[in-house]
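Colleague: I am new to this structure. Please show it, and then let us go through it.

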Amino acid sequence: MSDANDFDFFPHTVVWEITFACNMRCLHCGTSAGKKRPDELTTDEALGLIDELTANRCGVIVLSGGEPLLRPDWMQLAERIKGHGIKCCIISNGYAVTEETIGEFERLKMNKVGISFDGTEKTHNYIRQRDESWRKAYNAMKMMTENGNVPYVAVSQISNINLEELPAIRDILLELGCKQWRIQMTTSTGRMMEHDNLVLTLDNYPRLIDKILEFKKKNDGIDYDVGENIGYYGCKGYELWDDEPYFGCYAGMRVAGIESNGDIKGCLSMQEQFVEGNIRESSFTEIWKNPEGFAYNRKFTRETAGGACHDCRYLPICRGGCATTSVSATGCRANNPYCIYQIELQQGITREDTDVVKGLLKPFKEAMA
């Protein structure tokens with residue numbers, strides 16, 4: 001399996017931690033956010049970076065944190081992004097969202113507002129380590145439903161803490177009139193490393209997938225958006241992705257992550273050892289176009305993989321799935337125990353698709369051309 005250097009790499013989607021400041025101390029926070037970094041990008045630096053991302057064919061920028069609404073110039077950044085014709089999204093814990101904030105979302109024509117929502121009131125408040133956090137998130141979504149002009153998505157991080165509450169979360173979202181629910185799996189990164197016993201066990205992982213599949217069949221008006229670190233191939237993997245091909249981790253290929261101090265990674269959720277450079281030392285363009293950069297994906301080979309991934313027939317396409325999940329679980333870029341295909345194999349469940357890799361290699365190359 002050769003590397004992917006002949007593919008066309010550009011940062012189609014950028015997730016940008018515009019500040020490390022946060023008004024919560026969530027147990028599952030992948031970066032242990034809290035206080036503002038002393039060296040965060042200035043407004044002028046951030047605006048210049050947006051211009052540079054535009055020149056590199058960026059199509060979507062997601063403003064994240066920390067809590068992005070705590071950065072005073074977030075609206076100025078959003079205005080510059082929209083002015084370039086780039087889709088602009090923001091993900092918030094909802095605590096600072098007011099009717100005035102929603103009015104700004106509408107004025108800016110934000111393409112999507114994500115609100116973190118992790119369970120029933122007691123569970124959500126425990127995970128977020130702040131009283132009233134559930135009520136604030138609930139009210140933020142309620143106000144956006146009533147507004148009608150601000151598209152929003154509920155975002156849930158699933159762990160052993162709240163797995164059993166998935167049906168209750170769904171009922172609340174249906175009551176709110178929420179149209180989209182993004183379901184992600186918590187990884188042992190950041191603050192969660194102090195609570196890694198709460199990370200979803202391999203016994204519970206198939207139960208998460210079964211519950212998502214159950215929801216998707218209900219046709220209840222909610223778009224169930226499955227996170228990139230859930231599923232992969234096998235019988236349930238195909239079903240989870242609606243029989244669409246899964247092409248693995250796009251970090252450093254079509255996705256980039258930016259930390260608030262200008263550090264660049266292939267994906268914001270990736271561990272600090274994956275920092276490729278800082279825009280104060282080299283431009284984003286230089287970092288992105290470095291022929292030796294993002295090697296974990298751009299130069300991926302079978303020798304890169306370990307464990308069951310090494311000999312897997314899906315490896316040329318899947319490349320071990322979510323890199324962050326695999327590294328957090330095993331320390332290896334591609335030795336991912338959170339793979340439903342491998343779990344199904346252990347259970348004696350197989351799918352008759354001997355030629356599937358040959359069939360998928362062509363659309364994978366077309367997607368990256």
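This is a predicted model: local features need pLDDT of at least 70, side-chain atom pairs count only at pLDDT 80 or more; totals for chains, interfaces and linings use all residues.

Colleague: In which sense do β6 and strand β7 pair?

Modeller: Strands are DSSP runs of E, at least two residues long, and helices are runs of H or I of at least four, both numbered from the N terminus. Two strands pair if DSSP finds at least two bridges between them. β6 and β7 (residues 223–226) have 4 bridges, and the sense is parallel.

Colleague: Which residue stands opposite Arg-182 of β6?

Modeller: On β6, strand β5 (residues 152–158) is joined by 5 bridges, and the two run parallel. Opposite Arg-182 stands Val-155.

Colleague: Are the faces of β6 covered or open?

Modeller: In a regular strand, side chains alternate between the two faces of the sheet. Buried means under 20% relative accessible area, exposed over 50%, and partly exposed in between, with a 1.4 Å probe and protein chains only. Gln-180, Arg-182 and Gln-184 on one side are buried, as are Trp-181, Ile-183 and Met-185 on the other, so both faces are covered.

Colleague: Which residues is Leu-173 in contact with?

Modeller: Contact means heavy atoms within 4.5 Å. Leaving aside neighbours within four places in sequence, the partners of Leu-173 are Phe-117, Met-141, Ala-154, Cys-178, Trp-181 and Ile-222.

How values were computed:
Residues are numbered from 1 along each chain as its sequence is written. Side-chain values use heavy atoms; hydrogens and water are left out.
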